[in-house]
Amino acid sequence: MADLKKKIALLSNVTVDLIVGKLRRKYDFYLPEGFDTWVQEAINPSSGLYSYKPDAVVVLLDGMEARSWKNSEEGMERVLLWKQALTAIASGITTVPVFVSTIAFQENRIRSLSERKYGCELENDWYQYAQGLTENRSNFYLFDLADTIAEVGRRQFYSNKMWYMSSMPYSRDGLNTVSKEIDRALDAAFTPRRKIIALDLDNTLWGGVVGEDGVEGIELSDHKEGQRYYDFQRQLLEMKKRGTILGIVSKNNEEDAEAAIREHPAMLLRDDDFVSRKINWENKAVNLKAMEAELNMTEGGFVFIDDNPVERETVKGECPEMLVPDFPEDTTQLLEFAEEIWLDHCRPLRVLSEDLKKTQMYQTEAKRKQELNQSLNLDDYIAKLEITADIHRMRPEELDRVAQLVNKTNQFNVTTKRYTRDEIEAIAKTPGNAVYVVYSSDKYGDSGLISVVILKSMTEAIRIDTFLMSCRVMGRKLENVIINELAAKIGKKIVGEYCPTAKNAPVKDLYERLGFTKISEDDGHGLYEMDGANYTKKEYSIYKQIRFED
Amino acid sequence: MEQKFLEFVAEIMEVEQVTMDTAYREGKWDSLMMLTLVMELEAEYGVSIPMESLGHVKTLADMYAFVK
């Protein structure tokens with residue numbers, strides 16, 4: 001399939017042609033005709049904005065506009081109008097991402113030392129409104145232009161000359177920065193995020209070499225010189241809290257490294273913040289590949305951070321898909337270094353409650369693998385894990401997680417149909433159809449919502465439109481349990497389908513394994529059926545508990 | 001100096017080559033490109049190009065006069 005460019009509608013109160021110029025190689029753009037016509041576009045349901053059918057909408061609002069306002073009342077009216085425009089967009093565009101900018105007004109500096117700053121109040125009013133939208137609409141996100149301007153500095157960000165000449169208010173730096181931030185926001189929507197950061201220890205998480213300097217001797221503290229590593233760790237901890245997981249790949253004596261992680265008073269990252277540790281004298285590429293296998297992850301999900309350029313080059317050579325950024329030579333830049341990695345490669349659109357538990361989930365996964373190695377066969381292993389399964393119809397609060405799984409599950413996904421949140425909601429509401437979700441846990445912990453089955457009604461039969469499972473729980477035969485419960489419930493003919501993709505080979509013969517009969521196969525695409533009317537429900541005694549609630 | 005200027009301009013206009021005689025409002029050098037040129041030249045050469053003088057610009061030689 002050709003990799004089509006994403007279609008972006010860019011709405012703004014300033015001229016944005018030059019921004020489009022910077023990004024047009026990567027995206028196709030729709031701009032409303034004329035200057036500052038975005039409000040009309042938004043309010044008119046038959047405007048180009050809606051007929052363009054964008055893959056994302058960016059609303060970029062610049063405070064430079066306030067220069068043309070006669071007084072503060074005009075400002076308040078304008079912001080009110082913007083809110084109406086946004087409300088219209090929120091009802092017209094409910095599935096694709098909409099990025100709404102924050103705004104920074106340039107307060108006229110001709111004022112006394114005791115005058116009210118109306119701009120400040122309007123900024124905050126707008127922020128509250130935009131933030132409210134991101135909380136109440138699952139497809140709305142904040143584009144923090146005000147923060148970007150503050151970061152660069154207004155003098156450097158803007159150019160009066162550009163503004164007078166073209167109604168485009170930015171300097172070269174400003175234009176480059178705003179274009180890059182738009183690109184980053186769109187990347188969060190369209191480019192897969194890196195999920196794990198594998199870290200070296202010596203001269204990376206702390207200064208010095210623990211094996212030589214001792215736990216007391218390494219450079220790490222919550223103030224002065226050692227704070228650069230402390231701050232770096234804090235950034236990593238903040239990422240971990242948002243679902244990016246952390247691992248260690250270090251050439252060290254395990255006892256020395258563990259002692260520093262456990263005992264050093266200024267270590268922010270402790271033992272249980274890492275999902276996997278490879279502390280040995282083995283080649284780092286070998287260690288990283290072992291970590292990939294252990295966590296069921298692909299190389300493309302990894303970032304590897306190491307101060308040693310030789311290690312970095314080896315890893316780049318052996319693991320070409322891995323992101324291996326240059327480590328800053330000046331370690332006072334570590335804080336920004338972490339920030340850039342986050343913004344470019346890890347930042348998600350939204351953090352869901354499942355993401356918060358990721359570190360714990362991967363840690364328990366490692367323990368399970370150990371158990372498997374000690375077990376004799378798969379059934380014994382499953383029994384030892386004390387697995388539970390809870391199958392029920394999707395509830396409204398589960399819609400976000402279901403949409404997330406439907407759109408990102410690749411391996412255990414028989415049809416790989418992608419649906420938006422609203423489409424799933426509509427399917428669930430259609431009589432005859434059903435969306436089931438499955439939760440699972442074992443003695444090591446709760447895996448959360450791990451499987452989705454979408455059933456669609458046909459005359460005389462039920463078709464399994466979607467059957468997917470998170471790779472975290474693959475290999476536990478939960479698919480048998482799920483189909484067993486559903487087949488007994490459905491009680492008529494069940495049709496299953498397999499559509500091959502580059503990644504779903506693990507479920508190629510799923511339906512045959514589940515006792516379906518193949519009725520046709522065309523170019524790898526298989527159709528299967530099962531006589532649900534005469535289905536005899538099986539008992540699975542290897543699981544601790546199975547619950548089914550229709 | 002002249003050569004570097006021409007290479008810089010060619011890169012911005014995304015063309016193979018430009019000369020001092022390359023004329024405004026021809027080829028890729030439209031008013032939007034003029035804007036980009038002013039922005040890039042000011043930032044690159046650390047100069048301020050007066051808006052008033054832009055009305056008299058006919059060729060790249062006139063632009064070069066602002067930065068040399």
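# Exercises on a predicted two-chain model

H9(A) has 19 residues, and from its first C-alpha to its last it reaches 27 Å, close to the 27 Å expected at 1.5 Å a residue.

## Exercise 1

Determine which residues of H9(A) are buried and how they are placed around the helix axis.

**Solution.** 
Step 1. A residue counts as buried if 20 or more other C-beta atoms lie within 10 Å of its own.
Step 2. In H9(A), the residues Gly174(A), Leu175(A), Val178(A), Glu181(A), Ile182(A), Ala185(A) and Leu186(A) are buried.
Step 3. These residues cover an arc of only 135° around the axis, and therefore lie on the same side of H9(A).

## Exercise 2

Describe the two faces of H4(A) and identify what covers its buried residues.

**Solution.** 
Step 1. Helix H4 of chain A runs over residues 72-92; its 21 residues reach 30 Å from the first C-alpha to the last, close to the 30 Å expected at 1.5 Å a residue.
Step 2. The buried residues of H4(A) are Trp82(A), Leu86(A) and Ile89(A). Because they cover an arc of only 55° around the axis, they are on the same side of H4(A).
Step 3. Turned away from that buried side is a face with the exposed residues Glu73(A), Glu77(A), Leu80(A), Gln84(A) and Ser91(A).
Step 4. The cover over the buried residues of H4(A) includes helix H2 (38-43), strand S3 (56-60), strand S4 (98-101) and helix H5 (118-136) of chain A.

## Exercise 3

**Solution.** 

## Exercise 4

Work out which elements of chain A form its side of the contact with chain B, and what kinds of residue that side holds.

**Solution.** 
Step 1. The contact takes 10 residues from chain A and 7 residues from chain B.
Step 2. Helix H1 (17-23) and helix H8 (160-166) of chain A each supply at least two residues of the side of chain A that touches chain B. H8(A) gives the most to this side, with 5 residues.
Step 3. By kind, the residues of the side of chain A that touches chain B are 4 nonpolar, 3 polar and 3 charged.

## Exercise 5

Identify the buried residues of H2(B) and the helices that cover them.

**Solution.** 
Step 1. Helix H2 of chain B (residues 31-45) has 15 residues and reaches 21 Å from its first C-alpha to its last, close to the 21 Å expected at 1.5 Å a residue. Just after H2(B), Gly46(B) takes a positive phi of about 60°.
Step 2. Thr36(B), Leu37(B), Val38(B), Met39(B) and Leu41(B) are the buried residues of H2(B).
Step 3. What covers them includes helices of both chains: H1, H8 and helix H9 (172-190) of chain A, together with helix H1 (2-13) and helix H3 (60-67) of chain B.

## Exercise 6

**Solution.** 
Step 1. Arg25(B) lies in the loop between H1 and H2 of chain B.

Notes
Residues numbered from 1 in each chain as written. Chains lettered and ligands numbered in written order. Predicted model: local features only at pLDDT ≥ 70, side-chain atom pairs only at ≥ 80, totals over all residues. Helix = DSSP H or I, 4+ residues; strand = E, 2+ residues; numbered from the N terminus. Nonpolar A, V, L, I, M, F, W, Y, C, P; charged D, E, K, R; others polar. Expected span 1.5 Å × (residues − 1). Buried ≥ 20, exposed ≤ 12 C-beta atoms within 10 Å, placed from the backbone. Arc of directions from axis to C-beta.
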